[in-house]
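Let's take a friendly walk through this model, with the viewer open beside the text.

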Amino acid sequence: MDFIEQKRHKELANPSSFYRLVYSEIEEVGWERLVRFSGDLEFLSFRITDKKGRVHIMEIQLDKTYPQKAPSVSAEVPYIFNVKWSVKSRLKDLVQQFREHLEKLQEFWSTLEDIDNSVCVTNKKKLSRATTCRQIDIGNDCSIMLAINARDPRSLPECRFMGSGPVVNPVRKLWLRNNKRWMKDKTLPENLAFILETELPRPSHVLENDQQVECGICYAQYLPIDEELGSRSGAGTDHTCDNTSCGRAFHTV
């Protein structure tokens, strides 16, 4: 065997060994979980279901020196975990680390789902499981942007108010005055309503099965946010006409 042929055999040896190794490790994880892979097997993606039934796509990038060099991981999560790796580690170990990371994020995702199902969140279609912010319509052309801490989702979030000054300023004052009363044992929507001293607008899918609709007198669904209205500030309709031929909802204030 001449020198050139020997060199070629050496070049082919490592890729062949790499393919066999990766194939065997995919087998351990489960071929049914494999979503995509590149022709050179340096990119893999797996479908992983967490304990709450949420489906996640875990993307793995392998270096040509694998397993000497740790793989990199990406997924739709607010932050990625630090990969624990040694030359003896395998893909199944990486998947297990990802599963453990998903469990740490369960409270964060449950908090976001509670927000999405309880209050009026804007731009829902643009949100993903990696998104830590929610823009919430609080009525009267005013909204609040909340940044939820993924590591401590029940803590007081950072916030920014959006809207015209005359509308936003009273709401901002309420937030500054009451945010120290934030309680971790309450849900985020409950805390918001408590701190802003108002009933928050609810999502359309909730209102479809609710009597709280636009007022038959002022044609607004919610009262304006105004300190003079006290506890009724931003509130929805709270009474229905007793006349069965009418049945329109309206504000008693």
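## Helix H2 and the sheet under it

Start with helix H2 (residues 91-104), which lies across strand S2 (43-49), S3 and S4 and runs at about 135 degrees to S3. Before going further, please note that this is a predicted model, in which local features need pLDDT of at least 70 and side-chain atom pairs count only at pLDDT 80 or more, while totals for chains, interfaces and linings use all residues. Residues are numbered from 1 along each chain as its sequence is written, and side-chain values use heavy atoms, with hydrogens and water left out.

Helices (H or I, at least four residues) and strands (E, at least two) are DSSP runs, numbered from the N terminus. "Lies across" rests on contact, meaning heavy atoms within 4.5 Å. Angles run from 0 to 180 degrees between N-to-C directions, with axes fitted to C-alpha atoms, for helices over the stretch in contact.

## The four-stranded sheet

Which order do the four strands take? They form an open sheet, S1-S2-S3-S4, with antiparallel pairing. Strand S1 (34-37) and strand S4 (72-74) are the edge strands; each has a single partner, so one side of each has no neighbour in the sheet. Neighbouring strands here are turned by 20 degrees against each other on average, direction ignored. Two strands count as paired if DSSP finds at least two bridges between them.

At one end of the order, S1 and S2 pair in the antiparallel sense over three bridges, and Arg36 has Ser45 in S2 as its bridge partner. The hairpin of S1 and S2 has five residues between the strands, and Leu41 there takes a positive phi near 65 degrees. Strand S3 (residues 55-61) and S4 are also antiparallel, joined over three bridges, with Ile60 opposite Val73 in S4.

## The three-stranded sheet

A second open sheet has three strands in the order S5-S6-S7, again with antiparallel pairing. S5 and S7 stand at its edges with a single partner strand each, so one side of each is left without a neighbour in the sheet. The twist averages 20 degrees from one strand to the next.

Six bridges join S5 to S6, and Asp137 stands opposite Ser143 in S6. H4 lies across S5, S6 and S7, at about 160 degrees to S7.

Helix H3 (residues 106-118) has 13 residues and should span 18 Å at 1.5 Å a residue; its end C-alpha atoms are 18 Å apart, which agrees. The expected span is 1.5 Å times one less than the number of residues. Buried residues of H3 include Phe108, Trp109, Leu112 and Ile115, along with Asp116. Here buried means under 20% relative accessible area, exposed over 50%, and partly exposed in between, with a 1.4 Å probe and protein chains only.

In H5, the buried residues are Leu188, Pro189, Asn191, Leu192, Ile195 and Leu196. They cover an arc of only 160 degrees around the axis, which puts them on the same side of H5; the arc is that of the directions from the helix axis to the C-beta atoms. Their cover includes H3, strand S5 (133-139), S6, S7 and H4. After H5 comes Glu197, with a positive phi near 55 degrees.

## Salt bridges

How many salt bridges does a search of the whole structure find? The search finds nine, each defined as a side-chain nitrogen of Lys or Arg within 4 Å of a carboxyl oxygen of Asp or Glu. One of them links Glu107 and Arg154, whose closest N and O atoms are 3.1 Å apart. Glu107 lies in helix H3 and Arg154 in the loop between strand S6 (142-147) and strand S7 (158-162), so the pair ties together parts 47 residues apart in sequence. Glu107 is partly exposed at 43% relative accessibility, and Arg154 is partly exposed at 31%.

Lys184 and Asp152 also meet in a salt bridge, 2.9 Å from N to O. Lys184 is in the loop between helix H4 (165-178) and helix H5 (188-196) and Asp152 in the loop between S6 and S7, so this pair ties together parts 32 residues apart in sequence. Arg33 pairs with Glu32 at 3.7 Å between the closest N and O atoms; Arg33 is partly exposed at 29%, whereas Glu32 is exposed at 58%. Finally, Glu25, Glu28 and Arg90 are linked in a network of salt bridges.
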